[in-house]
Amino acid sequence: MKYFSELAASIEPYVPGEQPQDKAYIKINTNENPYPPSPRVQDLLDSYKTEDLKLYPDPNCTKLAKAIAAAEDLSTDQIFVSNGSDEALAFAFMAFFGENKKILFPEITYSFYPVYSALTSTEYTKIPLTDEMQVKTADYLVPNQGIVIANPNAPTGLFMPLDEIEKILRYNLDNSVVIIDEAYIAFASDLGNKKSLNSQSAVRLINKYPNLLVIRTLSKSHSLAGLRVGYALGHPHLIDGLNRIKNSFNSYTGDSLAIACAAAAISDEAYYINITEQIVNTRDATAKRLRELGFSVLDSRANFLFVKCVNGKETFNYLKEKGVLVRHFDKPLINDYLRITIGTPEDMDLVVNTLAETVNPHN
Ligand SMILES: *Cc1c(COP(=O)(O)O)cnc(C)c1O
């Protein structure tokens, strides 16, 4: 401890959901995808020449940036590839926020934002959600030097329509960077007409708003949480800012294997539309069943449900005892909620049945 820097001694690190090693759980606590990645990823690994690993990777991850550019109809100078989207977020805090900047984010949101704020000496104001747990646009039309909003938000799952985001971008055009964290955007898309995985994304506002940075991850929608690939999309001058930080930290944040696997995955949109549609259907059916049991369930557009229980902690422990691992946040305002990742329909049957026991234990 006496060797720690002031920063290491004072910072309160983020604690991710557990990856338990003690026994086999129905693991629905960290929003991983229950389905495997595209078969193109397996094909790529089967034919991968390990000989290629003796070289350093391409520092610009060009192959992957091109695949993303093609999928998003952007140019490669509007894309920044990162080692998980958490890294893109951390670099964005360093590039656009920091000392003497005061930023805004919702009171209930991804709990890494306050940690990155502390890491970068960024001051922040947590903006309360409405009584319905929505992000309220007007709260972000006030002086600030930065904004971070997850859309859909986590852990609520609630989605903010694009025209509301556009109001925030317009108001803040001259003074601050607005980060929209789209970790769950695929699950918010309208898949009925099979248009695209990202039909609800703010990405189409990038050419109009040079203060917009969209952050994505392959961890949830693309079943690649173990690969660690994320990316940021924005005006080339924002991408430049991220590159300045990255190149002062580690030239090779994307490894050769990850770049190749991620590019293969991105190229197979049809596969991902299909599994996303299954997850969305399972989500909506599960929400309906839980409401019928008397639980109050927020209207999720993500791959998880935020479910209110009589006692969040007790219900969490009961489920865990029964081999069902969900996420509980021991924090004010949300400590009676459980965040339940959407697994397979069989996983969800088990969760619903186990939760039913907590409602009426004598049944
Ligand atoms: C899961 C998650 C991330 C991090 O994703 P990685 O790419 O795995 O680092 C970022 N933001 C939100 C809101 C998330 O839920």
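Me: Is K27 buried, partly exposed or exposed, and what is its relative accessible area?

Reply: Relative accessible area is read against two cut-offs, with buried under 20% and exposed over 50%. In this predicted model, K27 has a value of 26% and is therefore partly exposed. E32 is also at 26%, which makes E32 partly exposed.

Me: Which contact do the side chains of K27 and E32 make?

Reply: A salt bridge is read from a distance: a side-chain nitrogen of Lys or Arg within 4 Å of a carboxyl oxygen of Asp or Glu. K27 and E32 meet that way, at 2.7 Å from N to O.

Me: How many salt bridges does the structure hold?

Reply: The structure holds 16. One of them joins the side chains of K208 and E166, at 2.8 Å from N to O. This pair links distant parts of the chain, 42 residues apart: K208 sits in the loop between β6 (178-181) and β7 (212-217), and E166 in helix α6 (residues 162-171).

Me: Which of the two categories, buried or exposed, applies to K208, and which to E166?

Reply: K208 counts as exposed because its relative accessibility is 55%. E166 counts as buried because its value is 14%.

Me: Where do K288 and E292 lie relative to each other?

Reply: Both are in helix α9 (residues 269-292), and they are 4 residues apart, so about one helical turn separates them. K288 and E292 are both exposed.

Me: Which residues are linked in a network of salt bridges?

Reply: E72, E182 and R216 are linked in such a network.

Definitions and conventions: Residues are numbered from 1 along each chain as its sequence is written. This is a predicted model: local features need pLDDT of at least 70, side-chain atom pairs count only at pLDDT 80 or more; totals for chains, interfaces and linings use all residues. Side-chain values use heavy atoms; hydrogens and water are left out. Buried means under 20% relative accessible area, exposed over 50%, partly exposed in between (1.4 Å probe, protein chains only). Helices (H or I, at least four residues) and strands (E, at least two) are DSSP runs, numbered from the N terminus.
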